[in-house]
Amino acid sequence: MAAVDPGTLMWTTACEMIDRAERLHRQFFQPTAAAIGELSWEPPIDIIETDSEIVITVALPGVDRDDVKVTVDADGVSVVGFRRPSAIPRGSLVHRLEIPYGKFERQISFPARRLRFGQSELANGCLTLKFSK
């Protein structure tokens, strides 16, 4: 049985962990088919509830306010929009493109009929929606 170099073992394990993280990231940001056949991506969200309100935070890095539409109905919230791709300088070599761009859509189901939509803010790459109970 050959001796195993701890440095090589650690490096191999670290590379395997990075590969697994990249596979999970690609799976998380995998485009979903929209109803009209266009491809879109779903931004990640946080939903926090307090005694007086529900706060939904939608991660939308690089999205302009004018490119987002929020619709509230009795069944929940719909956030639809478009993230423009970053400009890639002519002649540059792209090593990796992981940040999603293009059409996005996120349906958030919750009993909105019992809530009152209060405020929305797009700041620091996140759209925050506040609902009063």
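Q: How many salt bridges does the structure hold?
A: Side chains of opposite charge can pair when their charged atoms come close. This is a predicted model, and the structure holds 4 salt bridges.

Q: Which residue forms a salt bridge with Lys 133, and how far apart are the closest N and O atoms?
A: The partner of Lys 133 is Glu 49, and their closest N and O atoms are 2.5 Å apart. Lys 133 lies in the segment after strand 9, while Glu 49 belongs to strand 3 (residues 45–49), so the pair ties together parts that are 84 residues apart in sequence.

Q: Are Lys 133 and Glu 49 buried, partly exposed or exposed?
A: Lys 133 has a relative accessible area of 46% and is partly exposed. Glu 49 has a relative accessible area of 54%, so Glu 49 is exposed, the cut-off for exposed being over 50%.

Q: Where do Arg 84 and Asp 67 lie?
A: The side chains of Arg 84 and Asp 67 meet in a salt bridge, at 3.2 Å from N to O. Arg 84 is in the loop between strand 6 and strand 7, and Asp 67 is in the loop between strand 4 and strand 5 (68–73), so this pair ties together parts that are 17 residues apart in sequence. Arg 84 is partly exposed, with a relative accessible area of 48%.

Q: Is Asp 67 buried or exposed, and which residues does Asp 67 touch?
A: Asp 67 counts as buried because its relative accessibility is 17%, and buried means under 20%. Leaving aside residues up to four places away in sequence, Asp 67 touches Val 80, Gly 81, Phe 82, Arg 84 and Phe 104.

Q: Which residue forms a salt bridge with Glu 98?
A: Glu 98 forms a salt bridge with Arg 96, with 2.9 Å between the closest N and O atoms. Glu 98 is partly exposed, at a relative accessible area of 36%.

Q: How many aromatic pairs does the structure hold?
A: A pair of aromatic rings is described by the distance of the centres and the angle of the planes. The structure holds 3 aromatic pairs. One of them is formed by Phe 110 and Phe 131, and is edge-to-face, with 5.3 Å centre to centre and 80° between the planes. This pair links distant parts of the chain, 21 residues apart: Phe 110 is in the loop between strand 7 (102–109) and strand 8, and Phe 131 is in strand 9.

Q: Are Phe 110 and Phe 131 buried or exposed?
A: Phe 110 counts as buried at 12% relative accessibility. Phe 131 is buried as well, with a relative accessible area of 1%.

Q: What aromatic pair do Phe 117 and Phe 131 form?
A: Phe 117 and Phe 131 form a tilted pair, 5.0 Å centre to centre with 45° between the planes. Phe 117 lies in strand 8 and Phe 131 in strand 9, so the pair ties together parts that are 14 residues apart in sequence. Phe 117 counts as partly exposed, at 36% relative accessibility. Ring pairs link Phe 110, Phe 117 and Phe 131 into a cluster.

Q: How is strand 8 joined to strand 9?
A: In a regular strand the side chains alternate between the two faces of the sheet. Strand 8 (residues 116–123) and strand 9 (residues 126–132) run antiparallel and are joined by 7 bridges. Glu 121 stands opposite Thr 128 in strand 9. The hairpin of strand 8 and strand 9 has 2 residues between the strands, and Asn 124 takes a positive phi near 55° in this hairpin.

Q: Which residues have the most contacts inside the largest nonpolar core?
A: In soluble globular proteins, nonpolar side chains tend to be buried together. The largest nonpolar core here has 17 residues, and those with the most contacts inside it are Ile 56, Leu 60, Val 77, Val 79, Phe 110 and Phe 131. At least two residues of this core come from each of strand 4 (53–59), strand 6 (76–83), strand 7 and strand 9. Not counting residues up to four places away in sequence, Phe 110 touches Ile 56, Ala 74, Asp 75, Gly 76, Val 77, Leu 115 and Phe 131.

Q: What does the secondary structure of the protein come to?
A: The protein has 1 helix and 9 strands. Along the sequence the pattern is α-β-β-β-β-β-β-β-β-β.

Terms used:
Residues are numbered from 1 along each chain as its sequence is written. This is a predicted model: local features need pLDDT of at least 70, side-chain atom pairs count only at pLDDT 80 or more; totals for chains, interfaces and linings use all residues. Side-chain values use heavy atoms; hydrogens and water are left out. Two strands pair if DSSP finds at least two bridges between them. Helices (H or I, at least four residues) and strands (E, at least two) are DSSP runs, numbered from the N terminus. Rings of Phe, Tyr and Trp (its six-membered ring) pair if their centres lie within 6.5 Å; planes under 30 degrees apart count as stacked, over 60 as edge-to-face and the rest as tilted. Buried means under 20% relative accessible area, exposed over 50%, partly exposed in between (1.4 Å probe, protein chains only). A nonpolar core is a set of buried Ala, Val, Leu, Ile, Met, Phe, Trp, Tyr and Cys residues joined through side-chain atoms within 4.5 Å. Contact means heavy atoms within 4.5 Å.
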